[in-house]
Amino acid sequence: MRVFAVSDLHVEYEDNAQWLSAVSETDYTDDLLILAGDVSRSLRLLAWCFGLLRRRFHDVVYVPGNHELWTPANDPVRARGGDGLRAHAEVLLRQLVHRVPEGRLLHALDHEALDVDVGHDHVAF
């Protein structure tokens, strides 16, 4: 298992979304990705990003950033501060419930510890 980290994806920008879409569907299936915040203020794009990364990595550890504290004015869900974080958490929970393929997980950390085992490898956060 390898551990990768990325932050500030800002997938609302087309170039960034295209870059993310081009991530290999086979090269990282035994690996862990740390997704370190500022993915998108759009709940729709956040869900798309989570779904895409879950299919490409064995595990994804998500740590919210400051852009996850609000949604944009044109989002159907208008939220700021803690409400924004809760709205983003609901998207995350829906992704956890409907994880595909089986066994691949999306983890969210909020003042918690996490142990991840992939095969014979172990990583603690």
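**Values against cut-offs: contacts and burial**

Colleague: Why is arginine 2 called partly exposed?

Modeller: Its relative accessible area is 42%. Buried means under 20%, exposed over 50%, and partly exposed in between (1.4 Å probe, protein chains only). So 42% puts arginine 2 in the partly exposed class.

Colleague: What does the model rest on?

Modeller: It is a predicted model: local features need pLDDT of at least 70 and side-chain atom pairs pLDDT 80 or more, while totals for chains, interfaces and linings use all residues. Residues are numbered from 1 along each chain as its sequence is written, and side-chain values use heavy atoms, without hydrogens and water.

Colleague: What makes arginine 2 and aspartate 31 a salt bridge?

Modeller: The N to O distance is 2.7 Å. The rule asks for a side-chain nitrogen of Lys or Arg within 4 Å of a carboxyl oxygen of Asp or Glu, so the pair qualifies. Arginine 2 sits in the segment before β1 and aspartate 31 in the loop between α1 and β2, 29 residues apart. Aspartate 31 has a relative accessible area of 3%, so it is buried.

Colleague: How many salt bridges does the structure hold?

Modeller: Two. The other joins the side chains of arginine 56 and glutamate 25, at 3.3 Å, N to O. Arginine 56 lies in helix α2 and glutamate 25 in the loop between α1 and β2, so the pair ties together parts 31 residues apart in sequence. Helices (H or I, at least four residues) and strands (E, at least two) are DSSP runs, numbered from the N terminus.

Colleague: Are arginine 56 and glutamate 25 buried or exposed?

Modeller: Arginine 56 is at 6%, so it counts as buried. Glutamate 25 is at 57%, so it is exposed.

Colleague: How many aromatic pairs does a search of the whole structure find?

Modeller: Three. One of them is phenylalanine 4 with tyrosine 28: centres 5.2 Å apart, planes at 85 degrees. Rings of Phe, Tyr and Trp (its six-membered ring) pair if their centres lie within 6.5 Å; planes under 30 degrees apart are stacked, over 60 edge-to-face, the rest tilted. So this pair is edge-to-face.

Colleague: Which parts of the chain does that pair tie together?

Modeller: Phenylalanine 4 is in strand β1 (residues 3-6) and tyrosine 28 in the loop between α1 (14-21) and β2 (32-35), 24 residues apart in sequence. Phenylalanine 4, at 28%, is partly exposed. Tyrosine 28, at 22%, is partly exposed too.

Colleague: Why are phenylalanine 4 and phenylalanine 57 called edge-to-face?

Modeller: Their centres are 6.4 Å apart and their planes at 65 degrees, so both values meet the rule. Phenylalanine 57 lies in the loop between α2 (43-56) and β3 (59-62), 53 residues from phenylalanine 4. At 5%, phenylalanine 57 counts as buried. Ring pairs link Phe4, Tyr28 and Phe57 into a cluster.

Colleague: How do you know that α2 is mostly covered?

Modeller: In α2, 10 of 14 residues are buried. Among them are Leu46, Phe50 and Leu53.

Colleague: What makes β2 and β3 paired strands?

Modeller: Four bridges join them, and they run parallel. Pairing needs at least two DSSP bridges, so β2 and β3 pair. Leucine 33 has valine 60 in β3 as its bridge partner. In β3, Asp59 and Val61 point one way and Val60 and Tyr62 the other, and all are buried.
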